[in-house]
Amino acid sequence: MMPFNNLGFVFKHFGSIIYSKPILEDLCLFLQDFSDKESVLDIGAGTGVMSEFAYRCNDRLKFVAVDPAEGMLKYAPPYLETHIGAAEALPFEDSSFDAVFMGESLHHFDDIDAALNEVLRVLKEGGKLFIYDFDRGTFLGKCVCFMERVFGEPANFYEPAVLKEELESYGFSVTVMKHGWRYTVSASL
Ligand SMILES: C[S@@+](CC[C@H](N)C(=O)[O-])C[C@H]1O[C@@H](n2cnc3c(N)ncnc32)[C@H](O)[C@@H]1O
């Protein structure tokens, strides 16, 4: 397993390097119709890199983060409410959030079906989901997948078309944007 509990400093200072400009543009586009105080949950938030980018797009939202690694969460910015927990058993009431983010975290979840059922549970009616991850159908995506397996991670990487189908089976309408070896998904219920 990757020792995320000890990697907070690294992600705080270097985590944003993995986010390219088109990814951030997709994120701002995803957030453009949100009104003040709508709540977003960053699952596998780590130090909160994705929420920090989202805050630059819209600083009036309520930002909440969940991650099993306290050593990552302790580097989160002050506007991010942090909770220790796993995607497969979210520590929140039903229908708590207007949107969910997953930034490079989906592939770390042990049980994707359990995590997606939890997303459905905590999202409000008409809720939205934004995912950023690496495409296992590309050369670089395969390299990252191989490296993560070496570290004993689940490495549940998807090809975007397969993830789209999977999310549609959960009732989401899905738009995929490909950016070389990376992609984003904007989905809504
Ligand atoms: C590569 S880091 C990404 C962190 C952050 N989202 C970012 O973009 O920098 C993956 C994160 O997923 C978290 N993680 C691993 N397993 C998880 C699970 N089952 N549920 C939720 N988060 C998990 C790790 O602790 C780690 O913080």
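Analyst: What follows is a set of questions and answers about this model, which is a predicted one.

User: Why is Phe14 called partly exposed?

Analyst: Partly exposed covers the range between the buried limit, under 20% relative accessible area, and the exposed limit, over 50%. Phe14, which is found in helix H1 (residues 8-14), has a relative accessibility of 48%, and therefore it counts as partly exposed. Together with Phe9, Val10, Ile17 and Ile18, Phe14 makes a nonpolar surface patch of about 480 Å².

User: How do you know that Glu25 forms a salt bridge with Lys21?

Analyst: A salt bridge requires a side-chain nitrogen of Lys or Arg within 4 Å of a carboxyl oxygen of Asp or Glu. The closest N and O atoms of Glu25 and Lys21 are 3.3 Å apart, which is within that limit, and therefore the pair qualifies. Both residues lie in helix H2 (residues 21-31), four residues apart, which is about one turn of the helix. Glu25 is partly exposed at 45%, whereas Lys21, at 62%, counts as exposed.

User: Why does the pair of Arg60 and Asp36 tie together parts that are apart in sequence?

Analyst: Arg60 forms a salt bridge with Asp36, the closest N and O atoms being 2.5 Å apart. Arg60 lies in the loop between H3 and E2, while Asp36 lies in the loop between H2 and E1, so the pair ties together parts that are 24 residues apart in sequence. Arg60 also meets Asp59 in a salt bridge, at 3.9 Å from N to O, and Asp36, Asp59 and Arg60 are linked in a network of salt bridges.

User: What makes strand E2 count as paired with E1?

Analyst: Two strands pair if there are at least two bridges between them; five bridges join E1 (residues 39-43) to E2, and therefore the two strands, which run parallel, count as a pair. The chain crosses from E1 through helix H3 (residues 49-57) to E2 in a β-α-β crossover that is right-handed. Strand E2 (residues 62-67) is mostly covered, since five of its six residues are buried.

Definitions and conventions: Residues numbered from 1 in each chain as written. Predicted model: local features only at pLDDT ≥ 70, side-chain atom pairs only at ≥ 80, totals over all residues. Heavy atoms only, no water. Patch = residues over 30% accessible without salt bridge, like charges linked within 9 Å, V, L, I, M, F, W, Y side chains within 5 Å. Areas by Shrake-Rupley, 256 points an atom, 1.4 Å probe, with all protein chains shown as cover. Buried < 20%, exposed > 50% of the residue type's maximum accessible area, 1.4 Å probe, protein only. Right-handed = clockwise from strand over helix to strand, strands pointing away.
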